[in-house]
Amino acid sequence: MKLWPILHTVRMGHFLSLNTFTLAELSALRLNGDISPAHEMWEESDDWRTRSWKVLSRELHPLVLTGLSAAWAHGVITEPSGHTASTITVHRIRAPKHLSLKIEQRNLLDTEMLINGHTGVTRPLRTITDLLRSQQHSSTDVTTAVVALMNNYGITYESIRSNLNSMPFYPYVRQALHRLEDLRN
């Protein structure tokens with residue numbers, strides 16, 4: 001198999017993601033020095049697409065990063081020690097391939113996630129509401145991520161409150177509203 005046309009398009013910046021390559025093609029690109037040992041392009045931008053692909057690319061089912069992992073993918077906090085993701089299909093996953101990945105089953109609308117191939121991330125507003133409702137993270141981690149997401153994406157307290165109020169059947173919405181008020185003060 002000749003990789004010159006593939007390498008040419010990668011080097012010229014015409015290929016945006018490596019997730020369509022086979023394992024053999026990725027290995028050839030790595031051996032040739034065109035991608036890193038972790039199958040990342042050397043010149044590839046560091047954004048939610050590459051970060052979610054880095055964590056989720058080896059999983060069998062489509063997933064999106066959630067919570068602190070989503071905040072990390074959006075570039076507002078440092079990488080957490082473990083990642084969380086949610087399935088976006090009806091398939092349930094018993095054991096993820098990535099050792100530090102915890103699978104959550106969330107009810108996500110198409111408008112609440114950003115998808116690239118079979119990997120993605122929850123949108124900033126959904127990430128904020130998930131973090132505010134979270135029971136598993138320290139309030140310092142949540143506060144840091146929420147404030148950074150609000151500042152980077154121009155999300156207002158009113159839009160967060162409105163989104164939380166539209167989630168009456170979700171757990172911990174009251175707690176999230178209290179946390180939001182504490183942030184405002």
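A nonpolar core is a set of buried Ala, Val, Leu, Ile, Met, Phe, Trp, Tyr and Cys residues joined through side-chain atoms within 4.5 Å, where buried means under 20% relative accessible area, exposed means over 50%, and partly exposed lies in between (1.4 Å probe, protein chains only). The structure is a predicted model, in which local features need pLDDT of at least 70 and side-chain atom pairs count only at pLDDT 80 or more, while totals for chains, interfaces and linings use all residues. Residues are numbered from 1 along each chain as its sequence is written, and side-chain values use heavy atoms, with hydrogens and water left out.

**Confidence and overall make-up**

- The protein averages a pLDDT (the predictor's confidence in each residue, from 0 to 100) of 82, and 81% of the residues score at least 70.
- Over residues 1–16 the pLDDT is below 50, and this stretch has 21 contacts (contact means heavy atoms within 4.5 Å) in the model beyond near neighbours in sequence.
- The secondary structure comes to eight helices and five strands, where helices (H or I, at least four residues) and strands (E, at least two) are DSSP runs numbered from the N terminus.
- Read along the sequence, these elements follow the pattern α-α-α-β-α-β-β-β-β-α-α-α-α.
- Of the 185 residues in the protein, 44% are buried.
- Among the contacts with a separation of 6 or more, 53% are accounted for by residues 24 or more positions apart.
- The accessible surface comes to about 10500 Å², of which 54% belongs to carbon and sulfur atoms; accessible areas come from the Shrake-Rupley method with a 1.4 Å probe, and for residues only the protein chains shown count as cover.

- The largest nonpolar core has 34 residues, of which Leu 65, Ile 128, Leu 131, Leu 132, Val 146, Ile 160 and Leu 164 touch the most other members.
- At least two residues of this core are supplied by each of α3 (48–56), β1 (63–65), α4, β3 (101–104), α5, α6, α7 and α8, and α6 gives the most, with six residues.
- In soluble globular proteins, nonpolar side chains tend to be buried together.
- Helix α6 (residues 139–153) has 15 residues and should span 21 Å at 1.5 Å a residue, which agrees with the 21 Å between its end C-alpha atoms; the expected span is 1.5 Å times one less than the number of residues.
- Within α6, Val 142, Ala 145, Val 146, Ala 148, Leu 149 and Met 150 are buried, and the buried residues of this helix pack against α4 (67–73), α5 (124–133), α7 (157–165) and α8 (173–184).
- Just after α6, Gly 154 takes a positive phi of about 65°.
- Ile 160 is in contact with Leu 125, Ile 128, Leu 132, Met 150, Ile 155 and Leu 180, leaving aside its neighbours within four places in sequence.

**Buried residues in the strands**

- His 83, which lies in strand β2 (residues 83–87), counts as buried because its relative accessibility is 2%.
- The side chain of His 83 makes a polar contact with the side chain of Glu 79 (2.9 Å); a polar contact is a pair of N or O atoms within 3.5 Å, where within protein one must be able to donate a hydrogen and the other to accept it, and residues adjacent in sequence count only if both atoms are side-chain atoms.
- Leaving aside neighbours within four places in sequence, His 83 is in contact with Val 55, Ser 69, Trp 72, Ser 100, Leu 101 and Lys 102.
- Glu 104 is found in strand β3 and is buried, with a relative accessible area of 14%.
- Not counting residues up to four places away in sequence, Glu 104 touches Thr 66, Thr 84, Ala 85, Ser 86 and Thr 87.
- Thr 119, placed in strand β5 (residues 119–122), counts as buried at 0% relative accessibility.
- Thr 119 touches Ser 52, Trp 53, Leu 56, Ser 57, Leu 63 and Leu 114, not counting residues up to four places away in sequence.
- The C-alpha atoms of Thr 119 and Trp 48 are 9.7 Å apart in space, with the two residues 71 apart in sequence.

**Partly exposed loop residues**

- Arg 106 is found in the loop between β3 and β4 (113–116) and is partly exposed, with a relative accessible area of 22%.
- A polar contact of 3.5 Å joins the side chains of Arg 106 and Asp 130.
- Tyr 172, in the loop between α7 and α8, counts as partly exposed at 46% relative accessibility, and its phi is near 65°, a positive value in a residue other than glycine.
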